[in-house]
Each structure stands twice: as C-alpha cells, then as structure tokens.
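Work through the exercises below with the sequence and the model side by side. Each task is followed by its solution.

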Amino acid sequence: MYKISVIPGDGIGKEVMEATLDVLEAVDLDFDYEFADAGDEYEAVSGIPLPQETIDIVKDSQSCLFGAAGESAADVIVKMRQELDLYVNLRPVKSYPGTKSLFDNLDFVIVRENTEGMYIGLEEETEEGAIAKRVITRRASERISRFGFDYAVKTGRKTVTAVHKANVLKKTDGVFKDSFYKVAEEYPQLESNDFYVDATAMYFLTKPEMFDVIVTTNLFGDILSDEGAGLVGGLGLIPSANIGDKQGLFEPVHGSAPRHAGKGTANPAAMMLSAVLMLDYLNENEEARKMEKALVDTLAEGKVVTGDLGGNASTMAMASEVKNKLENL
C-alpha cells in the first residue's frame, strides 16, 4: 500500500487528475490517497494559496500527485520545492506516435536544479529599475549533477551534458560547470560534455537527437524544457517530477488553462505520464511501463483522444480507453 497525497489544484488540473486516478485503478498496486488543497480557488476562500496542512500531508506521504495551480503557482509549487527541498526537476522530452511531434526519434531528459538560481526571488527595486540576484552554490550544483549521472546509469543512458553560460556568467556558471566536471570524474563509464545555453537552444531545433541527459540551472532548465515540449507536440504531452531526498511530487507542466476548464476536453496525457514517473520513482518500473504503453497505444490509434490530439473524445473518455488497454495488458 502506497500513501499518495493528491492536490488537484485549479482549472483543468482537477479534470486531468480525475482521469489519471481512474487509470491508476487498473494498475496492479494499492494506493491510499489523501487529498489536499492549494491554488487560486483555495486562496479565494481561505486567503492563502498553500496551507501548512497541505505541506504536512505531502511530507507524510510517499509521493504526491499535483494537478495545476493558476496565478498562485509561484506561491504554491515554487514554495513546495523550497519547503520540501525538491531540488530536482526532471522533464522528459520524448516523441510519441499520433502526436504533432516535430521529430519521431527523441528521448532525452532535462535535469533542472530546482532550488536556487534566478528563482530564489531575491529582487529589489532601485532608482533605475530593479536588481535580481542569482545564487549558484557548489553544494546544489554537485548534487544536481550527481542526480543526472545517477539517472543516466539507472536508465542505461550514455551521455550527460551540462548546459550553462560560463563564458559570460563567469562566477556563477563557473561554479556550476566546475562542479559538474568534478562529479563527472566519479562516472568514467559515461561521456560528459557541456554546451552554452544559446547553442543548446539552437541544437534543439537542428539536431536534438544528440542529447541524452541534460543537467542545467533553474532558469535555463525552465526555458529549455518548454522548448523541448514544442519539439514533441506541446505542453499537453510533457510530464515532470520534482524530486528530493525524501519526497517526490509529480505534475504536468501545462498549468491550469482556465480558458479550457470545465469543458471536459483537456488532454490528460501529461498528467498520466507524470503518474508514470511516480511509478518509476516508487521503483514500480513494470507497472510504469504498462501504463505508459496503454497511453502510447491510445495515442497511436488516435481513435479516442482529445481535440488537441486530432480526436473529439472527452477527457474521461480518453481515460477510459487508456484504462481498458491497461487492464488488457
């Protein structure tokens, strides 16, 4: 029995969460769900977007499924990353059949440092405008690099690439680059290299198949992750994992999409793939592969999929199709 905290959140987060929990019923595992509140809708009635009770519920669970937060996202998900020390943001970029992927052979992951960089919020106004501070530490750089190399070993990948801008940000990205190569020495069986972030953005468009595991800082990882999503059909197909030493939180990256909320037509694929990442995190790899296959088969057939995937099915109809396929595996 796995104790899983569930935060549906706002907008389509609730809808894709319902669909994903329906599919998880067909997984050959037992889950004990504890639901918690966070986001715009909760803030409207309580005055705060993220109560301490929710943080405590997540801390007491083995894993967390998170739907989406709206305008309060920075006060919810960023705060949870800090509070729970979820220092890894793992974003797979993978081509699936039946989608609008620009390439049919992509399968790489972006390992983004989650706790520092530009997103620590140290900003101040000046007479001329404003100043933001960027914090890069050796400790954080080494542990995110080590996660990237460990992930490569665990998943049978061959190359780990650091992405930075050390030619301009000589101090901060100098620390990151040096820390990366220090850790790389512990993994002689893997190839390690590095690229500037601007060159990486170009390579994503010209030869993205060259990448395997990318390790980078917070802001660069955020931007590159969304560019990666564009390569494989959009945010509706991109899951993510926020991982620390004690907890894992899994969420789609598409946000609450308020314009589409309440229509029952949201694509649940990213949330389902986030649940697949959760299963891998729990070391239930066989069940993870089954759930992923059920979704991939549904996408490939293209018969019972949502409008953005070329079909006309509702969110729950697509979930039922994936669930049926999973039950028959």
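**Exercise 1.** Which residues of the largest nonpolar core touch the most other members?

Solution. The structure is a predicted model, in which local features need pLDDT of at least 70, side-chain atom pairs count only at pLDDT 80 or more, and totals for chains, interfaces and linings use all residues. Residues are numbered from 1 along each chain as its sequence is written, and side-chain values use heavy atoms, with hydrogens and water left out.

Start with the term: a nonpolar core is a set of buried Ala, Val, Leu, Ile, Met, Phe, Trp, Tyr and Cys residues joined through side-chain atoms within 4.5 Å, where buried means under 20% relative accessible area (1.4 Å probe, protein chains only). In the largest core, of 64 residues, the answer is F31, L65 and M291. Helix 9 (residues 269-281) gives the most to this core, nine residues; helices are DSSP runs of H or I, at least four residues, numbered from the N terminus. A second, separate core has 17 residues, including V163 and F211.

**Exercise 2.** State which residues F31 contacts, leaving aside neighbours within four places in sequence.

Solution. Contact means heavy atoms within 4.5 Å. By that rule F31 is in contact with M1, Y2, I4, L24, M278 and L279.

**Exercise 3.** Describe how helix 1 and helix 11 are arranged.

Solution. First, the axes (lines fitted to C-alpha atoms over the stretch in contact, with angles from 0 to 180 degrees between N-to-C directions) of helix 1 (residues 12-24) and helix 11 (residues 315-327) come within 9 Å and cross at roughly 20 degrees. Next, angles under 35 degrees count as roughly parallel, and the two helices are therefore roughly parallel to each other.

Methods: Parallel < 35°, antiparallel > 145°, perpendicular 65-115°, else oblique. Buried < 20%, exposed > 50% of the residue type's maximum accessible area, 1.4 Å probe, protein only.
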